Amino acid sequence: MSDAEDPPFDPVAPNTGDSYEPVDVFPDSDDFDLRPGADSCYKCSICDTNCPVAEVDDDFPGPKFQGPEQWRLKQTDDDYEIDDSITECSNCMRCDDGCPSGVPLSQMHNTARGQYVDEQMSKFSITYWRNRILANYRTSARLASIFPRTANFVMNFGPVRWVMDKTMGIPNERDFPAFATETFRKWWQKQGGADASRQRAREARKRRGEPEDADKKIAYFHGCYSNYNTPEVAKALVSVYEHFGYEVVVPEQRCSGTPMFANGMLDDARRGAEVNVASFADLVEQGYDAIASCTSCSMALRKEYPELFDIEGVDTVAEHTFESIEYLRIHEDLKGEIEQADVSEDLAREFAYHAPCHARNQGLERQAVELFRDLDNVEVEDVGESCSGISGTYGWKSEKYEKSMKIGEEMFDHMEDAEGTTGMTECPTCAMQMEHGTGYEIRHPLELLEAALVE
Ligand code: SF4
Ligand code: SF4
């Protein structure tokens, strides 16, 4: 478009990018040109006021700098190096939520962090390897799950933790989560896998007065934590979905990549994404929807994959990915069933609920509180809008531990002010932080749903 044809400049209207040719900003990112997004920033600084890291760390320049400003610097200076403060961003995505102009801040941060790690970070540094080990949790968890009892003892043995803190920078203050004695996938195979689920779902549909051959089927993305650490959450998902007459399949899968994005390990994340997209795209073609019980996993499949990777089938998978309770709220009369249900014994209590940042980014922050409002013998109290502070691997680094706990203070205080002494959240690392800061036991909403509807 020539200058004469350019529309008048409007500082508020999002720039659609129609008036100029895309430019390569970062190498290898031609398909993901973010200049239209960067130019939409009108420096209101709302993102900075939304950032939990900037709130506790005066040295952190904040998302506006990390995103559009750094993007422009890179665009105008070929020798510009990514500022190392990009590693201080926890990838909580609260800046995305706040931006009134739709600037793709976390996409910019993830891309810049990837470039920083690729080109500027020493591959011989302990920090690089510590981050790589933390980001590839699935690899450590697979090894630990071969001898889970031994791993549970060793990983929390004082002298071992002291050495890990001093040599690798993994904070001594945190307790390693326990590995289950049987992974979810092993349990699933013992239950008969997809064939047995198909049969149970048919019987449930018959019981519910629905056509036995109704097309209700989901592909479960359990992620690493539900497989290796909390299989009770994954089992609850299976039992709740089968209760509603859904056939469940558990396809081949790798880590969703969330901890890899946050550590700038984009090659590792891409390798996992290629397996996940191929596996789930195939099932989506056959009529399955992809369901995740962890809000960061659903976020990765539906938002981060299409933003970062040009993989065949990535958009199809993104369009058919849902968080587990969100999907049931859309397709079933979940509220109606909850109104008729009650919970006795184990889970009849008051819960202090924390909405993970990644649930907020998907618009899911109120669903647990609203869903369980009508459930007898249960109270679910929202503990407010603050970030838990752990942000996946962020709070698992010694140099960030204090910051992580400072961010979490508001949530800890609100949990302690709430009536109950049991926490609830959908995110496994928020659950770790909630437990660490208050000593409360933490449950997933699916466990309560199972107790109310199935048991
Ligand atoms: S909130 Fe959006 S428009 Fe405002 S400064 Fe941040 S990136 Fe720019
Ligand atoms: S993702 Fe979170 S920590 Fe990072 S800049 Fe945005 S608000 Fe701050």
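Predicted model: local features only at pLDDT ≥ 70, side-chain atom pairs only at ≥ 80, totals over all residues.

Student: How many bridges pair S5 with S7, and in which sense do the strands run?

Tutor: S5 and S7 are paired through three bridges in the parallel sense. On strand S6 (residues 379-382), the bridge partner of Tyr353 is Asp382. Strand S5 (residues 350-353) and S6 run parallel and are joined by four bridges.

Student: How should I read the packing of one helix against another, for instance H4 against H6?

Tutor: One begins with the general idea that an α-helix has 3.6 residues a turn, so residues three or four places apart point the same way. In this case, Pro63, Gln66, Gly67, Gln70 and Trp71 of H4 meet Leu105, Met108, His109 and Ala112 of H6. The residues of this contact comprise five nonpolar, four polar and no charged.

Student: At what angle do the axes of H4 and H6 cross?

Tutor: The axes of helix H4 (residues 63-76) and helix H6 (residues 105-119) cross at roughly 75° and come within 9 Å. Angles of 65 to 115 degrees count as roughly perpendicular, and H4 and H6 are therefore roughly perpendicular to each other.

Student: Which residues are closest to ligand 2?

Tutor: Cys51, Pro63, Cys89, Cys92 and Cys95 are the closest of the 15 residues that surround ligand 2. H4, helix H5 (94-98) and H6 each contribute at least two residues to this shell, and H6 gives the most, with three. By class, the shell around ligand 2 contains eight nonpolar, six polar and one charged residues.

Student: Which helix supplies the largest share of the shell around ligand 1?

Tutor: H4 does, with three residues. Helix H2 (46-50) and H4 each supply at least two residues of that shell. Ligand 1 is surrounded by 15 residues, the closest being Cys41, Cys44, Cys47, Cys99 and Val103. The shell around ligand 1 divides into nine nonpolar, four polar and two charged residues.

Note on methods. Residues numbered from 1 in each chain as written. Chains lettered and ligands numbered in written order. Axes fitted to C-alpha atoms, helices over the stretch in contact; angles between N-to-C directions. Parallel < 35°, antiparallel > 145°, perpendicular 65-115°, else oblique. Contact = placed C-beta atoms within 7 Å. Nonpolar A, V, L, I, M, F, W, Y, C, P; charged D, E, K, R; others polar. Near = placed C-beta within 6 Å. Pairing = 2+ DSSP bridges.
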